[in-house]
Amino acid sequence: QVQLVESGGGLVQAGGSLTLSCTASGRIFSINAMNWYRQGPGKQRELVAIITSDGSTNYADSVKGRFTISGDNNLKTVTLQMNSLKSEDTAVYYCNVRGYSGINGQTFDSWGQGTQVTVSS
């Protein structure tokens with residue numbers, strides 16, 4: 001099993017910044033990608049940012065230029081730097097990790113418990 005621990009959520013005024021962190025532990029052979037999703041009130045869960053094992057990143061159009069995802073060499077710790085926050089960024093943010101738990105090709109797809117981000121206007 002792979003466990004994820006998220007931290008860094010909170011309340012911030014519009015225009016402010018927050019940094020979310022996610023740390024993976026457990027039976028991990030390698031990580032292919034670490035993703036941040038969010039789910040706002042009354043909305044479906046959406047992909048916010050992704051970082052892959054080769055360092056490639058991608059972002060939802062709504063956060064491009066404002067959010068930055070980064071990770072350590074093995075992607076066991078990933079951060080999401082969120083700047084110029086808007087009220088529409090209010091959501092529960094979830095960390096998601098996908099990879100291999102062993103050399104036999106067994107995969108995992110694990111989720112964090114979520115952390116609340118509230119942006120006041």
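Glu-46 counts as partly exposed, because its relative accessible area is 32%. In this predicted model, the side chain of Glu-46 forms a salt bridge with that of Arg-38, with 2.6 Å from N to O. Arg-38, by contrast, has a relative accessible area of 5% and is therefore buried. The Arg-38 side chain also meets that of Asp-89 in a salt bridge, at 2.9 Å from N to O. Arg-38 belongs to strand E4 (residues 30-39), while Asp-89 lies in the loop between E8 and strand E9 (91-100), so this pair ties together parts that are 51 residues apart in sequence.

A salt bridge of 2.7 Å, N to O, joins the side chains of Arg-66 and Asp-89. Arg-66 is in the loop between strand E6 (57-59) and E7, and Asp-89 is in the loop between E8 and E9, so the pair connects parts that are 23 residues apart in sequence. Both Arg-66 and Asp-89 are buried. Through shared partners, the salt bridges join Arg-38, Glu-46, Arg-66 and Asp-89 into one network. The whole structure holds 5 salt bridges. In general, side chains of opposite charge can pair when their charged atoms come close.

## The surroundings of Asp-89

Why does Asp-89 count as buried? Its relative accessible area is 0%, and buried means under 20%, so Asp-89 falls within that class. Leaving out residues up to four places away in sequence, Asp-89 touches Arg-38, Arg-66, Phe-67, Ser-84, Val-117 and Val-119. Two of these names, Arg-38 and Arg-66, are also salt-bridge partners of Asp-89.

The backbone of Lys-86 is also involved: its nitrogen lies 2.8 Å from a polar atom of the Asp-89 side chain.

Strand E8 comprises residues 77-82. Its covered face carries Val-78, Leu-80 and Met-82, whereas Thr-77, Thr-79 and Gln-81 are on the uncovered face. In a regular strand the side chains alternate between the two faces of the sheet.

Strand E8 runs antiparallel to E3, to which 6 bridges join it. Within this pairing, Thr-77 of E8 stands opposite Thr-23. Strand E8 is also antiparallel to strand E7 (residues 67-71), and 5 bridges join these two strands. Here Gly-71 has Val-78 as its bridge partner in E8. Strands E7 and E8 form a hairpin with 5 residues between them, and Leu-75 in the turn has a positive phi of about 65°.

## Ala-24 in strand E3

Strand E3 spans residues 18-26 and includes Ala-24. Ala-24 is classed as buried because its relative accessibility is 6%. When residues up to four places away in sequence are not counted, Ala-24 touches Val-2, Gln-3, Leu-4, Ile-31, Met-34 and Lys-76.

How far apart are Ala-24 and Asn-35, in sequence and in space? They are 11 residues apart in sequence, and their C-alpha atoms are 12 Å apart.

The structure has 1 disulfide. It is formed by Cys-22 and Cys-95, with sulfur atoms 2.0 Å apart. The link between these two residues is left-handed, with -90° about the S-S bond. Cys-22 is in strand E3 and Cys-95 in strand E9, and the pair links distant parts of the chain, 73 residues apart.

Cys-22 counts as buried because its relative accessibility is 0%. Cys-95 is also buried, with a relative accessible area of 0%.

## The nonpolar core

Which residues touch the most other members of the largest nonpolar core? They are Trp-36, Leu-80, Met-82 and Tyr-93, in a core of 31 residues. At least two core residues come from each of strand E1 (2-7), E3, E4, strand E5 (46-52), E7, E8, E9 and strand E11 (115-120).

Apart from neighbours within four places in sequence, its contacts are Leu-18, Thr-19, Leu-20, Trp-36, Val-48, Ala-49, Phe-67, Thr-68, Ile-69 and Tyr-93. Among them, Trp-36 and Tyr-93 are also named with Leu-80 as core members that touch the most others.

Technical notes:
Residues numbered from 1 in each chain as written. Predicted model: local features only at pLDDT ≥ 70, side-chain atom pairs only at ≥ 80, totals over all residues. Heavy atoms only, no water. Helix = DSSP H or I, 4+ residues; strand = E, 2+ residues; numbered from the N terminus. Buried < 20%, exposed > 50% of the residue type's maximum accessible area, 1.4 Å probe, protein only. Contact = heavy atoms within 4.5 Å. Pairing = 2+ DSSP bridges. Salt bridge = Lys/Arg side-chain N within 4 Å of Asp/Glu carboxyl O. Polar contact = N/O pair within 3.5 Å; in protein donor to acceptor, adjacent residues only side chain to side chain. Disulfide = S-S within 2.5 Å. Core = buried A, V, L, I, M, F, W, Y, C linked by side-chain atoms within 4.5 Å.
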